[in-house]
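Reader: I am new to this structure, and I would like to learn how its descriptions are reached. Could you show it to me first?

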Amino acid sequence: MAKELKPGDAVSWKSHGGTAHGKVVSEVTQRTRIKGHTVAASPDNPELIVETEKGAKAAHKPAALTKE
């Protein structure tokens, strides 16, 4: 998995409302849709699906996440 993050890892990331916290759910290596947006992931450009403590999911590039 990219950046040594794996499902279940606690992470934080910058959000429009400040810093968000949650966990890694999975790695995406192909084009997919989440929350109405297309995630242009590929094996060479993976993205991680994260879930907040409230259950909201989003896709982020590994470099945007900080392992806690």
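Author: Below, we go through the terms used for this chain and how each one is reached. This is a predicted model, where local features need pLDDT of at least 70, side-chain atom pairs count only at pLDDT 80 or more, and totals for chains, interfaces and linings use all residues. Residues are numbered from 1 along each chain as its sequence is written, and side-chain values use heavy atoms, with hydrogens and water left out.

Reader: What makes up the secondary structure of the chain?

Author: There are 0 helices and 7 strands, where helices (H or I, at least four residues) and strands (E, at least two) are DSSP runs numbered from the N terminus.

Reader: Why does Asp9 count as buried?

Author: Buried means under 20% relative accessible area, exposed over 50%, and partly exposed in between (1.4 Å probe, protein chains only). Asp9 has 8% relative accessibility, so it counts as buried. Of the 68 residues of the chain, 34% count as buried.

Reader: Which residues is Asp9 in contact with, leaving aside its neighbours within four places in sequence?

Author: They are Glu4, Gly22, Lys23, Val24 and Lys67, where contact means heavy atoms within 4.5 Å. Asp9 itself sits in the segment before β1 (10–15).
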